[in-house]
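Me: Can you walk me through this one? I'd like to start with charged pairs.

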Amino acid sequence: MDAPRIRPMDDSDVLAVNDVAVAAFTELNARMGAPPYAGAPPPAAGVRLRRLLETDPGGAWVAERDGEVTGAALALVREHLWILSLFVVAPGAQSGGLGRALLARAWEHGADAKGFAILASRDPRALRSYVRLGLDLHPALDASGVARGVRPPAGLRPWEPGDAAWAEPLTRRVRGAAHGGDLDALLEAGQLATVLPGRGYAFARGTALKLLAAADEDAARILLADHLARADGEPVSVEWITGGQQWAVRGCIEAGLELHAHGAVLIGGEVGPMRPYLPSGPYL
């Protein structure tokens with residue numbers, strides 16, 4: 001067998017990288033006794049990976065052995081904020097140094113960044129690696145179940161293109177950097193966006209809340225209640241709830257959802273308060 005090598009990712013790797021991600025997270029969930037992994041549909045995953053190749057080719061790396069992709073790390077920089085979007089190694093290739101080499105290349109992409117953020121799974125090896133980067137770890141929960149007793153709030157509407165004018169500075173205040181075209185990529189990937197004009201926005205894939213940013217906790221509670229009410233009796237989920245999001249903890253408990261350990265949010269350097277905020281997996 002050839003020795004593994006690390007090289008820049010290109011468009012021909014998109015399907016293989018998604019396959020590795022599915023395999024890695026499926027194995028991790030089975031090992032951790034978590035529910036089966038349910039990632040984004042392949043077309044949506046393709047939008048994500050191609051978006052990062054377009055905006056951050058210097059942060060997209062794969063590991064390859066005998067012509068087969070066995071790992072990937074993709075990082076992005078928005079304004080001064082470095083974000084690790086994806087870091088996976090195929091189950092049969094783990095614990096051999098590939099992950100360390102991939103993470104180092106992705107980390108170098110943020111050499112000029114002032115802030116750093118990662119959404120981490122519960123894999124203890126990944127958590128250890130991220131803490132060694134000098135980041136602070138904030139344990140996270142997810143909430144799931146059938147929401148009960150939530151009345152649909154008033155004053156919300158679907159996202160419109162002009163909403164970026166107020167949403168970008170709001171996001172910058174909350175997390176330290178605007179999303180830019182990443183929000184358009186979420187829409188392209190099939191997510192639905194709802195706004196409380198001038199005060200906050202939320203993105204969801206089906207009944208799974210995938211991103212929420214708000215100017216204040218009252219606005220965040222309204223957006224959360226809207227998401228829970230729109231599930232209309234179907235199982236609903238809310239992800240990446242840290243200790244700084246007590247408005248979300250209380251809102252989910254009051255709706256009858258169950259809380260479970262989900263992983264961690266790691267941050268360092270110059271970032272915003274990160275609240276009220278529920279981050280996006282692909283783009284934080």
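Reply: Start at Arg230. Its relative accessibility is 42%, so Arg230 counts as partly exposed (buried is under 20% relative accessible area, exposed over 50%, partly exposed in between, with a 1.4 Å probe and protein chains only). This is a predicted model: local features need pLDDT of at least 70, side-chain atom pairs count only at pLDDT 80 or more, and totals for chains, interfaces and linings use all residues. Residues are numbered from 1 along each chain as its sequence is written, and side-chain values use heavy atoms, leaving out hydrogens and water.

Me: Which residue does Arg230 meet in a salt bridge?

Reply: Asp226, at 2.8 Å, N to O. A salt bridge here is a side-chain nitrogen of Lys or Arg within 4 Å of a carboxyl oxygen of Asp or Glu.

Me: Is Asp226 buried or exposed?

Reply: Buried, with a relative accessible area of 10%.

Me: How far apart are Arg230 and Asp226 in helix 7?

Reply: Four residues, so about one helical turn separates them. Helices are DSSP runs (H or I, at least four residues), and strands are too (E, at least two), numbered from the N terminus.

Me: What about Asp216 and its salt bridge?

Reply: Asp216 pairs with Arg199; the closest N and O atoms are 2.9 Å apart. Asp216 sits in the loop between strand 10 (208–214) and helix 7 (217–230), and Arg199 in the loop between strand 8 (192–196) and strand 9 (200–205), so the pair ties together parts 17 residues apart in sequence.

Me: How many salt bridges does the structure hold?

Reply: 18.
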